[in-house]
Amino acid sequence: MSGARVAIVDSGGANIASLTYALDRLGIESKLTRDAQTIRNASHVILPGVGAAADAMQRLNSNNLSKVITELGQPVLGICLGMQLFAKASEEETTECLGVIPAMAEKLQGSPQMPVPNMGWCQVHQSGSHELFAGIENNSYFYFVHSFALPVGEYTLAQAEHSQPFTAVLAQGNFFATQFHPERSATVGSQLLSNFAGLRA
Amino acid sequence: MFYDITASPDGRTVNRNWVSNVAALLDIPFCVAGGIRTVADAEDILRKGADKISINSPALENPGLIADLAKRFGSQCVVLGVDSHSMGSSWHVYQNTGDAKRISRTSRSTTEWITEAQNLGAGEIVLNCMNQDGVRNGYDIEQLAAIQERCHVPLVASGGAGTMQDFASVFRETGASGALAASVFHSGDITIPDLKHYLHDANIEVRL
């Protein structure tokens with residue numbers, strides 16, 4: 001549809017299938033890969049991730065993909081743990097990450113009313129208009145599953161709240177990321193993936 | 001939530017192809033339950049596109065399975081299903097409830113089991129209150145409120161939904177994070193959009 005050829009970086013997470021299916025439903029061509037050349041040649045790159053930051057960074061490093069990813073010039077979308085990997089580091093076992101975003105992924109503060117992991121549908125408040133939000137109403141609900149998050153900063157395009165506000169969507173140059181799972185966020189999630197595939201390098 | 005409730009009593013695991021087919025169609029999260037006994041079973045089901053796996057009878061036989069799954073996939077993937085029946089003033093856990101011939105009462109009290117399971121790493125609890133299950137007389141508010149007090153992970157109420165009012169009551173009176181129902185939806189007596197609007201109008205936060 002958009003003519004995008006998406007490379008999904010195989011970071012070893014167990015549930016990448018749902019992302020592939022979501023792109024299939026949108027008619028967007030995608031390939032799950034660890035091959036540096038395939039990633040470089042893609043029109044768009046998605047870094048998904050579920051699991052632990054240290055494991056995921058170890059997998060990226062062992063495939064020499066950390067440098068490949070940080071040097072990409074096409075639109076790149078980090079999802080969930082993928083977003084946290086864009087940070088300088090994560091408090092999760094104090095893991096050094098890719099350093100695309102000048103911030104640290106912090107552990108969510110839990111309470112009896114606000115359990116961690118934060119799991120479920122949360123409203124996402126857009127800070128302004130952006131191509132990624134085309135056709136998506138402000139304050140729409142998206143599906144989150146996470147224990148860590150990036151604080152709100154200059155890179156924040158939208159925020160959500162748990163015990164405190166955190167970054168739900170960010171942009172820094174050609175790097176974009178969502179803390180929620182667009183592939184599991186019903187119509188608004190599909191729209192966001194479609195908007196991402198429509199971004200030009 | 002997709003249950004294959006006879007998988008454990010039959011010694012099977014839920015059909016994997018069916019998980020892929022569901023994952024290809026759905027754009028919302030789903031959880032699969034049915035005879036998941038090992039980390040390898042769970043990994044296969046998650047790879048096929050499920051978002052979470054739920055375990056019940058196998059965890060009662062081997063509580064360490066909860067810890068193994070949480071360590072490998074994170075607590076957010078690991079849902080513990082508990083079938084609980086009241087006995088006087090306390091509650092007891094049952095297993096193999098999917099088969100009337102194999103169902104049995106375990107030696108565990110529900111409150112102790114819920115505490116132990118959370119300590120092992122369960123990320124969510126679905127509490128099926130068997131006294132109320134299938135009778136559409138409302139959720140077991142007393143039991144759910146008592147368990148909610150001991151829960152630091154999301155608790156999903158199950159068993160007894162008959163009217164839209166029952167859903168509003170369980171959220172207001174127990175603090176449960178979610179409410180599960182099957183028969184009222186399958187029969188069409190309550191439609192999900194109607195229920196969501198009803199709860200929204202009752203000032204209960206729900207995604208419309």
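Which residue of strand 6 of chain A stands opposite A:Ser90? In this predicted model, the residue of strand 6 that stands opposite A:Ser90 is A:Thr95.

Strand 5 and strand 6 of chain A, the latter spanning residues 95-96, run antiparallel and are joined by 2 bridges. Besides the position of A:Ser90 opposite A:Thr95, A:Ala89 has A:Glu96 as its bridge partner in strand 6 of chain A. The two strands form a hairpin, with 4 residues between strand 5 and strand 6 of chain A. Strand 5 (residues 87-90) of chain A also pairs with strand 7 (residues 101-107) of chain A, here in the parallel sense and over 3 bridges.

A:Glu93 is not a glycine, yet its phi is positive, at about 50 degrees. A:Thr94, likewise a residue other than glycine, has a positive phi near 35 degrees.

Elsewhere in chain A, A:Ile39 is part of helix 2 (residues 36-41). A:Ile39 has 23 other C-beta atoms within 10 Å and is therefore buried, since 20 or more are required for that class. When residues up to four places away in sequence are not counted, A:Ile39 touches A:Ala7, A:Val9, A:Thr33, A:Val45 and A:Val68. A separation of 9.2 Å is found between the C-alpha atoms of A:Ile39 and A:Leu65, which are 26 residues apart along the chain.

Attention now turns to helix packing in chain B. Two packed helices are described by the angle between their axes and the distance between the axes. Helix 3 (residues 39-47) and helix 5 (residues 64-73) of chain B pack at an angle of about 45 degrees, and their axes are 10 Å apart. Helix 3 of chain B is therefore oblique to helix 5 of chain B. The crossing of helix 3 past helix 5 of chain B is right-handed. On the helix 3 side, B:Val39, B:Ala42 and B:Leu46 meet B:Asp68, B:Leu69, B:Arg72 and B:Phe73 of helix 5 of chain B. By class, the residues of this contact between helix 3 and helix 5 of chain B comprise 5 nonpolar, no polar and 2 charged.

A second pair in chain B consists of helix 7 (residues 141-149) and helix 8 (residues 164-174), whose axes come within 9 Å and cross at roughly 40 degrees. Helix 7 of chain B also passes helix 8 of chain B in a right-handed crossing. Helix 7 of chain B contributes B:Ile141, B:Leu144, B:Ala145 and B:Gln148 to the contact, while helix 8 of chain B contributes B:Ser169, B:Val170, B:Glu173 and B:Thr174. The residues of the contact of helix 7 with helix 8 of chain B divide into 4 nonpolar, 3 polar and 1 charged.

The contact between the chains draws 20 residues from chain A and 21 residues from chain B. On the side of chain A that touches chain B, two or more residues are given by each of helix 1 (17-25), strand 8 (118-123), strand 10 (141-146) and helix 6 (186-197) of chain A. Helix 1 of chain A provides the largest share of this side, with 4 residues. The side of chain A that touches chain B has 14 nonpolar, 5 polar and 1 charged residues.

Definitions and conventions. Residues numbered from 1 in each chain as written. Chains lettered and ligands numbered in written order. Predicted model: local features only at pLDDT ≥ 70, side-chain atom pairs only at ≥ 80, totals over all residues. Contact = placed C-beta atoms within 7 Å. Nonpolar A, V, L, I, M, F, W, Y, C, P; charged D, E, K, R; others polar. Pairing = 2+ DSSP bridges. Axes fitted to C-alpha atoms, helices over the stretch in contact; angles between N-to-C directions. Parallel < 35°, antiparallel > 145°, perpendicular 65-115°, else oblique. Left-handed = near helix turned anticlockwise from the far one by under 90°. Buried ≥ 20, exposed ≤ 12 C-beta atoms within 10 Å, placed from the backbone.
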